[in-house]
Amino acid sequence: MVLSRHTKVGMAVSTLILACAQAHADDSAFRFSGFGTFGGVFTDTKDAEFVTPGQPSGATKTVDFGVDSRIGVQGSYQLNQIFSGTVQVLSKYNGKGNYNPNVEWAFVKAQITPSVGVRAGRIGAPFFMISDYRDVNYANLWVRPPLETYGQVPVSNVTGADLIVQHAIGSANVSAQLWGGLSRATLEDQVDVTIRDTVGLNLSAEFDNGLTLRAGHAVGKVSLGSDTLRLLAARTATAATTLAATPYGAAARATADDFDMSGRRATFSGVGASWDVGNWQLNAEYTRRFIDGYAGTTKGWYASAGYRLGKVTPFGYVSGLQTSGVGTNGLAAPAALFGGSLAVLSNGVNTVLNDARTGGQRSVALGARWDAWKSASLKAQVEHITPKDGGVGLLLASPGTSLNGDSVNVVSVSVDFVF
């Protein structure tokens with residue numbers, strides 16, 4: 001019997017909730033909590049699918065319940081005043097096309113002093129302002145964090161360690177986080193992503209007037225692996241060797257080097273601010289990702305505002321993603337001259353480069369959050385997405401697909417809860 005995606009969502013949710021309930025019954029000395037989202041999404045196009053970046057399929061004109069739905073449980077144990085441990089398990093539609101539960105967090109913590117703490121194990125990858133709770137969507141205003149910013153990094157955790165130092169300066173609580181380790185993920189077209197030797201530093205300040213400021217920077221070595229990339233890397237390297245003695249040799253070699261995505265230097269930087277004052281909830285973030293090689297640089301940003309009216313909070317945001325510095329096709333000129341298999345290879349290179357080059361988009365969203373129940377909220381939002389440069393932006397489509405400048409409207413409804 002073949003189970004549908006939606007059936008598998010329900011089975012994963014049931015399994016994790018039963019596991020959480022059993023843990024409560026077995027040992028009350030542990031602290032357990034859980035969170036989840038049940039959401040549906042549809043769009044006004046069949047030419048591309050709306051996904052969270054990395055997912056292998058998503059929403060079109062038919063409602064899809066896999067894009068946003070997830071369930072997670074978390075357990076922690078305080079051994080003494082210094083040492084504690086935490087484990088978080090999360091099930092959501094992933095890049096492998098299943099809902100298999102994944103251990104997101106599994107770390108031990110030593111609170112050496114009230115202001116100095118160390119964690120070691122698997123922790124949330126702290127690239128963004130809301131990295132620690134990006135999957136606990138009940139804590140967020142929107143149906144999902146703006147993808148133009150939060151879709152730039154495909155990994156959600158890091159196996160390593162961090163050091164967090166906090167100190168009060170005037171009316172501000174200032175903290176510094178030094179972190180590092182190894183991260184892995186699989187994306188929609190079976191691209192394996194590995195980020196090694198990551199080292200990052202985050203600085204934040206929380207003021208007593210509700211204002212929070214944050215800045216972060218991380219460096220690491222990225223490896224991208226898939227059958228397509230490995231084949232392109234091998235064939236472009238062979239072509240570069242063949243053309244080495246010709247006027248096209250240097251350009252061909254540069255393209256071959258761009259497609260060797262093994263241990264390439266990568267950086268990620270971000271600044272952000274949030275201000276919860278009176279009835280207003282204001283958020284903004286700007287991020288920049290650079291990967292040495294054909295992928296180039298992406299810049300993402302958003303600005304969001306919400307206003308509380310009792311239990312209902314209308315909100316809106318604008319966001320954007322820009323790509324630049326994508327590699328060039330050094331095989332184009334000799335392919336036009338010699339044709340044959342070189343022309344076929346050049347077309348393949350163009351397809352990959354064009355998909356990277358046309359990944360930018362701009363979004364405008366309006367929605368509302370209704371805190372209708374204790375520990376649960378109902379959200380709805382409409383997004384108007386405009387892909388840039390003739391591509392499909394962050395939507396999922398066959399290589400080379402273009403929406404010809406058309407925008408896409410996305411309607412999302414979700415129930416977020418904690419327990």
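**Helix packing and ring pairs**

Visitor: What kind of model are we looking at?
Guide: Residues are numbered from 1 along each chain as its sequence is written, and side-chain values use heavy atoms, without hydrogens and water. Local features need pLDDT of at least 70, side-chain atom pairs count only at pLDDT 80 or more, and totals for chains, interfaces and linings use all residues; it's a predicted model.

Visitor: What covers the buried residues of α4?
Guide: Helices (H or I, at least four residues) and strands (E, at least two) are DSSP runs numbered from the N terminus. The α4 helix spans residues 249-258, and its buried residues include Ala252 and Ala256. What covers them includes α3, α6 and the stretch 264-277, which is β10.

Visitor: How are α3 and α4 oriented to each other?
Guide: The axes of α3 (residues 227-242) and α4 come within 8 Å and cross at roughly 160°. Axes are fitted to C-alpha atoms, for helices over the stretch in contact, with angles from 0 to 180 degrees between N-to-C directions. Under 35 degrees is roughly parallel, over 145 roughly antiparallel, 65 to 115 roughly perpendicular and the rest oblique. So α3 and α4 are roughly antiparallel.

Visitor: Which residues of α4 make the contact with α3?
Guide: Contact means heavy atoms within 4.5 Å. On the α3 side you'll find Thr236, Ala237, Ala240 and Thr241. Their partners on α4 are Ala252, Arg253 and Ala256.

Visitor: How are α3 and α6 oriented to each other?
Guide: These two helices pack with axes 11 Å apart, at an angle of about 130°. The α6 helix covers residues 340-357. That angle makes α3 and α6 oblique.

Visitor: Which residues of α6 make the contact with α3?
Guide: From α3, the contact uses Leu232, Arg235, Thr236 and Ala239. Thr236 also takes part in the contact of α3 with α4. Across from α3, the α6 residues are Leu342, Leu345, Gly348, Val349 and Val352.

Visitor: How many aromatic pairs does the structure hold?
Guide: Rings of Phe, Tyr and Trp (its six-membered ring) pair if their centres lie within 6.5 Å; planes under 30 degrees apart are stacked, over 60 edge-to-face, the rest tilted. Phe127, Phe128, Trp142, Tyr150, Trp179, Phe268 and Tyr302 form one aromatic cluster. The number of aromatic pairs in the structure is 15.

Visitor: How far apart in sequence are the parts that Phe30 and Tyr77 tie together?
Guide: Their ring centres are 4.8 Å apart with planes at 35°, so the pair is tilted. Phe30 lies in the loop between α1 (5-26) and β1 (31-43), and Tyr77 in strand β2 (residues 70-78). Phe30 is partly exposed at 33%, as is Tyr77 at 34%. The separation in sequence is 47 residues.

Visitor: Where do Phe38 and Phe65 lie?
Guide: These two rings are stacked, 5.5 Å centre to centre with 10° between the planes. The pair ties together parts 27 residues apart in sequence, since Phe38 lies in strand β1 and Phe65 in the loop between β1 and β2.

Technical notes
Buried means under 20% relative accessible area, exposed over 50%, partly exposed in between (1.4 Å probe, protein chains only).
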